[in-house]
Amino acid sequence: MLFFRPIGVHNVDQSMNNESLNPNAPFSLMDPGEQRRRLAMLNLPHMAPLTRYISEIKQDESTERFIPNFDPCDGGIHAKGLFLLDSPDQATVASGFVSRNNMDYASKNLCVLLKRAGIDRCNTLIWNLTPWMLADNEDPITDRAFLLLERLIKLLSQLRVVILIGDQVRSSGLKINRIAKTQIIPTRYPFIGTFNMRDDAKEDILKTFLRVAE
């Protein structure tokens, strides 16, 4: 059962070849058909400004480095909560999206905990402080990253909270707070190793997400 139908995508949902596929389930972006479906949604009203934002970054940076898409199954510009990671990973490269439905266990953990916390998907947006793939040992915490984040936040008129996920992004909380001018909530990264070995890590993230839901 779908717990969220993105704004304005009813016709796209009806066109899915596999009606049993739940696009909100962990790992759903393993399916190439689901990847194509989301690509077709990138210019819907809640997504078009974000798609232009990515195009402008590519043009401004004149970079050939990989920059993924926002997930159109999230809330787009209507998001009230921005879940901020540090930089794209290989699972993001494989799907083409920054998404809770990517093909890695950290994304699965994020997907499950957001659902358990009762956070409506239409209220969320997941992104990275640095929007492109980093080279080995390259720092995601740069002045350019903060400037791009500021541009993004200006597109999110309903934003109420920014959730900083992982140690690197959490270390920049004060600067992000000055940019976002809204509530900042830090939490751990749902890495599979820590997540499986330590129940307190799982509960800590869940408590944070419950706080966000409130």
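Visitor: Are Arg 100 and Asp 74 buried or exposed?
Guide: Both Arg 100 and Asp 74 are buried. Keep in mind that this is a predicted model.

Visitor: How do their side chains meet?
Guide: The side chains of Arg 100 and Asp 74 form a salt bridge, 3.1 Å from N to O. The pair links distant parts of the chain, 26 residues apart. Arg 100 sits in the loop between strand S3 and helix H5. Asp 74 sits in the loop between strands S1 and S2.

Visitor: Which residues are linked with them in a network?
Guide: Salt bridges connect Arg 100 and Asp 74 in a network with Glu 34, Arg 37, Arg 38, Asp 71 and Arg 121.

Visitor: How many salt bridges does the structure hold?
Guide: It holds 12. One of them joins Arg 151 and Glu 56, at 3.2 Å from N to O. Arg 151 is in helix H6 and Glu 56 is in helix H3, so this pair ties together parts 95 residues apart in sequence.

Visitor: And how exposed is Arg 151?
Guide: Arg 151 is partly exposed, with a relative accessible area of 26%. Glu 56 is partly exposed too, at 39%.

Visitor: New topic. Which residues of helix H8 are buried?
Guide: Gly 173, Ile 176, Ile 179 and Ala 180. They span an arc of only 120 degrees around the axis, so they lie on the same side of H8.

Visitor: What is on the other side?
Guide: Leu 174 and Arg 178 are exposed there.

Visitor: What do the buried ones pack against?
Guide: The buried residues of H8 pack against strands S2, S5 and S6, and against helices H6 and H7.

Visitor: What comes just after H8?
Guide: Lys 181, with a positive phi of about 55 degrees.

Note on methods:
Residues numbered from 1 in each chain as written. Predicted model: local features only at pLDDT ≥ 70, side-chain atom pairs only at ≥ 80, totals over all residues. Heavy atoms only, no water. Buried < 20%, exposed > 50% of the residue type's maximum accessible area, 1.4 Å probe, protein only. Helix = DSSP H or I, 4+ residues; strand = E, 2+ residues; numbered from the N terminus. Arc of directions from axis to C-beta. Contact = heavy atoms within 4.5 Å. Salt bridge = Lys/Arg side-chain N within 4 Å of Asp/Glu carboxyl O.
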